[in-house]
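Here are a few exercises to work through with the model open. Try each one before reading its solution.

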Amino acid sequence: MSTSRGDMKILFSAPESDWADYRDLLPSALAHAGITAEVVREAAPDTVDYIVYAPNDDLRDFTPFTRTRAVLSLWAGVERIVGNATLTQPLTRMVDAGLERGMVEYVTGHVLRHHLGMDAHVVNPERDWTPVPPPLAADRPVTVLGLGALGRACATTLAGLGFPVTGWSRTPKRIEGLRCLSGEDGLTAALTGAEIIVALLPLTPETEGILDAARFALPAPRAALINPGRGALIDDAALLEALDAGRIGHATLDVFRTEPLPREHPYWAHPRVTVTPHVASATRPATAARVIAENIRRAEAGEPLLFEVDRVRGY
Ligand code: NDP
């Protein structure tokens, strides 16, 4: 049975490449949720009931969207919209099973690369035969910064592989199999002695530049840093210095202050930096369309939205 008015209009405000993915999936997910609505690429702002949003240049002023009841982000990271003063409606971020699985696979792969020292064997032009067996995972402390939808899934997967995993978050947590820390002191303890660090924090005023020179001094010498969170979590000059001084042994970076990463940026040429082009994980349309439809159903039924962003916290 339909739970909505027949004239409901949903504006899909995202790049054209997303539209190709969602133009059929979203209407069918909405129908499955009992929502009758028209999903459109353009509409008079005062006729739009919901906006499905991914960062794009066409929509920066939400003021004329007087009838819009919620803005539903296709992205997990909302730093490009959360501070938009013209947006007064509820904003939700994307938590999607497919996105989570992709991130777990990326993080696990890159952690294992560093743990096993794969690089030495993958590229070995000197045909060097120096057997250095890696320690077991149990002897390789890993720290995951951020214990939200993505950080928690990665941390528990790594713990399942035998790594001693410390997780750090804003609020205190208890998660089976993990050492959970929070707060400023918790961050120092979480980084101290870590051999592999995974950054899965959102970008907020509190987290910008959180990985700075003082924090790069805390991990074990030649620790590996993996950052699929956001580029601006890192003080880039401090990281380059820590890499050159050997305090950080390798950085695998998926996200950057400027994307695409400019071709002249020192990260590209650095022998101990791996650049991946913001591919750690993507929202998966088949599962994400169902999340969007469920949130519209909830809004229409007067139920609390899933994954609503706290504007004050910024995530
Ligand atoms: P969540 O909002 O679910 O989790 C955020 C986590 O960070 C929470 O544990 C939160 O703590 C913690 N946190 C936030 N602020 C602070 C702070 N000041 N101090 C300590 N901890 C803090 O986000 P997701 O897990 O869904 O996503 C994390 C980020 O991953 C996204 O914001 C995005 O930037 C990035 N991302 C990158 C992708 C890529 O392809 N590279 C793809 C998708 C996401 P608490 O639990 O206490 O609230």
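**Exercise 1.** Which domains does the domain assignment give for the protein chain?

*Solution.* Before starting, note that this is a predicted model, where local features need pLDDT of at least 70, side-chain atom pairs count only at pLDDT 80 or more, and totals for chains, interfaces and linings use all residues. Residues are numbered from 1 along each chain as its sequence is written. The assignment (automatic or from a database) gives domain 1 as 9-96 + 283-301 and domain 2 as 97-275. Next, check the spacing: their C-alpha centres lie 32 Å apart. The contact (C-beta atoms, placed from the backbone, within 7 Å) takes 10 residues from domain 1 and 9 residues from domain 2.

**Exercise 2.** Work out the strand order of the open sheet of 7 strands.

*Solution.* Start inside: β6 (142-145) and β9 (196-199) pair in the parallel sense over 4 bridges, where pairing needs at least two DSSP bridges. Strands are DSSP E runs of at least two residues, and helices H or I runs of at least four, numbered from the N terminus. Here V144 stands opposite V198 in β9.

**Exercise 3.** Which residues come nearest the ligand?

*Solution.* Take the 29 residues around the ligand (C-beta atom, placed from the backbone, within 6 Å); G77, G148, L150, T171 and P202 come nearest. Then look at helices: α4 (149-160) gives the most to this shell, with 3 residues. Finally, each domain supplies at least three shell residues.

Conventions. Two residues are in contact if their C-beta atoms, placed from the backbone, lie within 7 Å.
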